[in-house]
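Here's a quick tour for anyone meeting this structure for the first time. Take a look at it, then read on.

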Amino acid sequence: MARRFVVEADGGSRGNPGPAGYGAVVLDAETGEPLAEVAEYLGTATNNVAEYKGLIAGLRAAYALDPEAEVRVRMDSKLVIEQMSGRWKIKHPDMRPLAAEAKAIMPPGQLAYEWIPREKNKHADRLANEAMDAGKRGEQWRPKVPPGGTLAAGAPEAAAPADDALAEPAATGAPAVGWGSADLGTPATFVLLRHGETPLTPEKRFSGSGGTDPGLSDVGRHQAERVAAALAARGTIQAIVTSPLRRCRETADAVARRLGLDVRVEEGLRETDFGAWEGLTFAEVKERHPDDLEAWLASSKVAPTGGGESFAAVTRRVALSRDKLIARYTGRTVLLVTHVTPIKTLVRLALGAPPETLFRMELSAASLSAVAYYADGNASLRLLNETAHLR
């Protein structure tokens, strides 16, 4: 029989919009034992966005524990429960991509949704508030429940994981790399496409997930058509997954039209949130926030000014998306249309390279890279920053 989980999720905003965060807990449906806790400070967001983010995080945590589990979601947000159950229409444009992302995590036949009053959602509410409090202090929220189960009754609370452990998901949870990978069948291959140019690209401005969400420029649209033609000629792409940001969706749509494929959106492939640096050049950031920039360059655990994401936080969410997509697309070749940081992170993790490697790779707009993932957990970098199709 399939395992049965309960996901309790919540999100809040102190200002609506204002400083926001979410929390979620995965419970064993039979015993009520907490199996996983997740929470995150979001920076400035609305209550509804935070609630949807909590739902997404809770479903991902449940999926990571058992992709085949039956899950009952319980939330005190009537809006989210009714919209995800299909009884209410999703009218707000900010909610539609979040709902689509939540729906893509697990098959609908494994899910059920239940509204509960706020007083019965205290665990998730507490986690959301812990995340907001940690964000206010400039810290990362840390889970107290070890993955897979609670602390034993009466046992001392477990020490928080070391920063290095938090920042570094395993390359794939693999044994040591060896020559045997080729004998393990067809790998899941991710062809990594950086989106085409936007108006900000040639000016080398910080353009992450917290800014204006620019679309492709005329040059970028031309690049998207060129890479679409090149991929069509190769004939190897079997599915397309994209970051939710506009520049990636426009690039993915150009390829999808040429290949006749649908496009799936994966929230975890979004670019880093660069906080107050969004839209600025490196020189402008150095002039306005010199100490913050120096600290950011020195440590993957430091976030940009103004509540952006650290590279360590990006690494965790990209690794989670990687594992989910490997499970979904075993043995297939998938185009992931994404950004500089997620691509560099996937390459870095595949190589087992240190965090500072992110600053030692060049990725051009509309370039192609590729990583293959084998059944034993090993990964192989096949391609990096190919731009022949643009010349």
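Keep in mind that this is a predicted model. Let's start with the second largest pocket: its lining residues split into 14 nonpolar, 7 polar and 7 charged. That lining is made of 28 residues, and the ones nearest the pocket's centre are R194, K204, R205, V340 and K344. Two elements, α9 (290–298) and α11 (340–351), each give two or more residues to the lining. The largest share comes from α11, with 3 residues. As for volume, the second largest pocket comes to about 860 Å³.

Now for the sheet. Six strands make up an open sheet with mixed pairing, and their order runs β8-β7-β9-β6-β10-β11. At the edges sit β8 (263–265) and β11 (379–386), each of which pairs on one side only. Ignoring direction, neighbouring strands here are turned by 20 degrees against each other on average.

Zooming in on one pair, β7 (residues 239–242) runs parallel to β9 (residues 333–338), and 4 bridges link the two. In one of these strands, β9, you'll find V334, the bridge partner of A239.

Two helices pack on this sheet, and here's how they sit:

| Helix | Strands touched | Angle between directions |
|---|---|---|
| α6 (residues 218–234) | β6 (188–194), β9, β10 (368–373) and β11 | about 40 degrees with β10 |
| α10 (residues 311–328) | β6, β7, β8, β9 and β10 | about 130 degrees with β6 |

So what do you see when you follow the edge strands? Helix α6 touches β11, while helix α10 touches β8.

Notes
Residues are numbered from 1 along each chain as its sequence is written. This is a predicted model: local features need pLDDT of at least 70, side-chain atom pairs count only at pLDDT 80 or more; totals for chains, interfaces and linings use all residues. Side-chain values use heavy atoms; hydrogens and water are left out. Two strands pair if DSSP finds at least two bridges between them. Axes are lines fitted to C-alpha atoms, for helices over the stretch in contact, and angles run from 0 to 180 degrees between N-to-C directions. Contact means heavy atoms within 4.5 Å. On a 1 Å grid over the protein atoms alone, a cavity is a set of points where a 1.4 Å probe fits but cannot get out, and a pocket is an open set with protein on both sides within 12 Å along at least five of seven lines; lining residues have an atom within 4 Å of a point. Grid points are joined across faces, edges and corners, and a volume is the space filled by probe spheres set on the points. Ala, Val, Leu, Ile, Met, Phe, Trp, Tyr, Cys and Pro count as nonpolar, Asp, Glu, Lys and Arg as charged, and the others, Gly among them, as polar.
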